[in-house]
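Subject: Structure handover

Hello,

Please find the structure below. My notes on it follow.

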Amino acid sequence: MLWPHAAIVYRVEDSVGCPESPQCQLLMKAMDEYHRKSCIRFKEWTGEDDYVSVFFNPDSGSCWSPVGMVGDKQRLSLGQRCWYFGIIVHELGHAVGFWHEMNRPDRDEHIVIDWQNIIRGFTPAFRKMRADQVNLLDEKFDYKSVMMYDEYAFSKDGKSPTIQSRSGEVIGPLWMKNSLSESDIRRIHKLYQCKDNNQMVSFPYNVHCTFKDHVCGFKNGEFTIWKWKTEEKVNYVISTLDNSGGTPGKFISPNLYPVSKNDKLRGPSGCIRFWSILEGEGTMSLSLNMETLDDVTQLTFNEGSTQTVWSSQQSTKNWNHQNVTVDITKPFRLTFQSQFYSDASKGALMAVAEIEILYNGPCDSIRRNIPQKPVVKPIHQLQFVEDLHNITAVPVDTDY
Ligand SMILES: [Zn+2]
């Protein structure tokens, strides 16, 4: 079975020695490989029924994991010989849902198995799977896959090869692999039907909403008058006033989850950055609110937890870059709220662009480049066409 929403819930057993041990750090780094390159998200267990329980077995050398989500608690073993980046990425690959590359039904076209060189009792690991047992996802055989064993896997003397490539290409040991292969990444996205890395932002990973290709799941709040909208071919969302007074316009992010206590790569502070502009006469305000939950298993955010983490009432006439340091240890949701008061001029507007949610510490410690200032100014000259019942805003100037 696949993990719902490409989200793999994990729990690290005490034996791994989180968060300080080098093993724990390596495990987090391996998970981060999936976070950076795919839509898979690993989320620390907070009471969910189905999860992977990772343990370190120092008395054994063996590394293993069930394939995909089995249901209930499923263990993933990392023995003393498993503590290499490539091997952990491989075991996590099983948990994601992948079998070994050398067991593919078409493997004989690409590799030769030397059965006599295999340690006794380990030949079943080299069996070929039937076409109905594995989904090849339209991907060719890949020597570079993290799910591919190397030439000397289970070799009886460590020197006689058990697998040889027909192409002459060197496969190389798993423990030396330092990344998912291109095909591995495509397979994950095909298996989980993800469009891109940032499709799922419900788990702690840096996100950047460009508004060109995706908005990181941000959507209009219910029951709001000022709808945030993306102008065609430009990279911001905008809330404009084409009537007077009223309910604030809300632009809401999906639920975002807390950083794990084990995860030294992220938190406890995070940084929300974005470009903003407020334009027009009269009173208006733009604010960024954060709602939090104490427990991730709760389903709804309550308004009572809402905190305004940033706000502006200043009409700026130009884009300004904002940096907001926030506590990210609890699950949270973000809301941009625009409010026009009755004295605000028609055509007043607020826009935000290039929203980044960064999990790597407070804003002043972030080394990553600031996204470019939006090149196009929001349309602020609006011509009003009156008819009997309502007023419609028509943009007249698009680019200057
Ligand atoms: Zn394996």
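The model is predicted, so local features need pLDDT of at least 70 and side-chain atom pairs count only at pLDDT 80 or more, while totals for chains, interfaces and linings use all residues. Residues are numbered from 1 along each chain as its sequence is written, and side-chain values use heavy atoms, with hydrogens and water left out.

Aromatic rings

A search of the whole structure gives 15 aromatic pairs. Rings of Phe, Tyr and Trp (its six-membered ring) pair if their centres lie within 6.5 Å; planes under 30 degrees apart count as stacked, over 60 as edge-to-face and the rest as tilted.

One of the pairs is Y84 with W175, which is tilted, at 5.3 Å centre to centre and 50 degrees between the planes. This pair links distant parts of the chain, 91 residues apart: Y84 is in the loop between β5 (73-79) and α2 (85-96), and W175 is in the loop between β7 and α3. Helices (H or I, at least four residues) and strands (E, at least two) are DSSP runs, numbered from the N terminus. Y84 is partly exposed because its relative accessibility is 39%, and W175 is partly exposed at 45%.

F274 and F336 are edge-to-face, because their ring centres are 5.0 Å apart and their planes are at 85 degrees. This pair also links distant parts of the chain, 62 residues apart, with F274 in strand β13 (residues 269-279) and F336 in strand β17 (residues 332-340). F274 and F336 belong to one aromatic cluster with F218, F251 and W310.

Charges over rings

The charged end of R11 sits over the ring of W45, 4.0 Å from the ring centre. Likewise, the charged end of R75 sits over the ring of F55, at 3.7 Å from its centre. The criterion is NZ of Lys or CZ of Arg within 6 Å of the ring centre and within 35 degrees of the ring normal.

Zinc site

Which residues are the protein donors of the zinc ion? They are H90 (NE2), H94 (NE2) and H100 (NE2), lying 2.0 to 2.1 Å from the zinc ion. Donors are N, O and S atoms within 2.8 Å of the metal (3.2 Å for Na, K and Ca); water is not among the atoms, so sites may look incomplete. Along the chain the donors follow the spacing H-x3-H-x5-H. H94 counts as buried because its relative accessibility is 6%, and H100 is buried with a relative accessible area of 15%.

Regards

Notes
Buried means under 20% relative accessible area, exposed over 50%, partly exposed in between (1.4 Å probe, protein chains only).
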